[in-house]
Amino acid sequence: MKIIVPMAGMGKRMRPHTLTIPKPLIPIAGKPIVHRLVEDIAKVVNEPVAEVGFVINRSFGEEVENSLKEVAGTIGASGKIYYQDEPLGTAHALYCAKDMLEGNVIVAYADTLFKAEFTLDKEQDGIVWVHKVKDPAAFGVVKLDDDQVITGFVEKPATYVSDLAIIGIYYFKDGAFLKRELQYLIDNNIMNSGEYQITNALDNMKNKGVRFVPGQVDEWLDCGNKDATVYTNQRYLEYIKDSLANPDTAGMENSAIIPPVYIGKNVKITNSVIGPYVSIGDGTRIKNSRIRNSILQTNTMVDNANLENSMLGNHVTLKLSSSDLSIGDYNSVVENMH
């Protein structure tokens, strides 16, 4: 089994947090989004994964590439890096990793997470994971026949055809078949709105006899913007609360923790109340503060703050009483007390 994770987008909806790191490396409950995604897929696959390929923008740099290879290593796989130098769509991103498109392949776009309780059925020709949504017009959706086989893929339907949104995770029994269809799109310049779309390749495969079925997830979690990412962090902490290690109380003074909370290494908390649903990265310092439902990344200093539904980057300095903040890496925000 192989996993391909296209993640070349620059994450503009997550600014300022993606000015210094790509969105899939933003932490959820103490682990980067892409790390959570790869782990969750490995559980669903329930068999050894040989390779994980990451399709990235070349500008991400060597440090990010090494981090991604380490993510692959956590599930016993080798990590491979591929580059998408132009943002030409989902099918193009996947084609950049064409060397991996052989045999059983899972494709998972890196800005989505999920919760599911099932094991992958490898005997299916193809599986498209979906989730029921209230507003299908905002998504690509699938149409099903009476036998629950996919009969069509519709991108952002203007009129109702289905409420089963495609979440961006796919299984292909024959990766080489997919590779040929991606090649066909690119060779023939078949684009929608200036991009090569994976749904066009899926349609062509279906028309040639590939049988796609829907894979249902219990919960679909988006990491597209700050509010969605904070909510996803909350849900993940709820999922894993029974396996979370107890916080290191050596770094706490006159403070209270309301679980579930993730606290990294070498964190100092003084005269504060933390939780519920807070993730705190390594080396962060907090004092005289109340923090709920928020993500604080590494080596950040917070003093005299009341935070809720907030997201702070790495190396942030915050002395501010306001709530609901989104502050990127290496920023200082200090309230003028005069």
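Me: Is N233 buried or exposed?
Reply: The relative accessible area decides: buried means under 20%, exposed over 50%, partly exposed in between (1.4 Å probe, protein chains only). N233 has 0%. So N233 is buried.

Me: What sort of model is this, and how are residues numbered?
Reply: This is a predicted model: local features need pLDDT of at least 70, side-chain atom pairs count only at pLDDT 80 or more, and totals for chains, interfaces and linings use all residues. Residues are numbered from 1 along each chain as its sequence is written, and side-chain values use heavy atoms, with hydrogens and water left out.

Me: Which helix holds N233, and which residues is N233 in contact with beyond its neighbours within four places in sequence?
Reply: Helices are DSSP runs (H or I, at least four residues) and strands likewise (E, at least two), numbered from the N terminus. N233 lies in helix 6, residues 226-240. Contact means heavy atoms within 4.5 Å. Leaving aside those neighbours, the contacts of N233 are I28, A29, Y277, V278, S279, S294 and I295.

Me: How far does helix 2 reach from its first C-alpha to its last?
Reply: Helix 2 spans residues 62-74, 13 residues in total.

Me: Why do the buried residues of helix 2 line one face?
Reply: The buried residues are V64, E65, L68, V71 and A72. Look down the axis and take the directions from the helix axis to the C-beta atoms. The buried residues of helix 2 line one face because they fall within an arc of 110 degrees.

Me: What covers the buried residues of helix 2, and which residues are exposed on the other side?
Reply: The cover includes helix 1 (33-45), strand 4 (51-56) and strand 5 (78-83). On the other side of helix 2, the exposed residues are E62, E63 and E70.

Me: What is the strand order in the open sheet of 4 strands, and which are the edge strands?
Reply: Two strands pair if DSSP finds at least two bridges between them. The order is 15-18-21-24, with parallel pairing. Each edge strand pairs on one side only. The edges are strand 15 (256-257) and strand 24 (306-308).

Me: Where does V133 lie, and which residues is V133 in contact with beyond its neighbours within four places in sequence?
Reply: V133 sits in the loop between strand 8 (126-132) and strand 9 (140-144). V133 is buried, at 15% relative accessible area. Leaving aside those neighbours, its contacts are F139, D163, A165 and W220.

Me: How many disulfides does a search of the whole structure find?
Reply: A disulfide is a pair of cysteine sulfur atoms within 2.5 Å. C96 is partly exposed at 21% relative accessibility, and C223 is buried at 1%. The search finds 0 disulfides.

Definitions and conventions: The expected span of a helix is 1.5 Å times one less than its number of residues.
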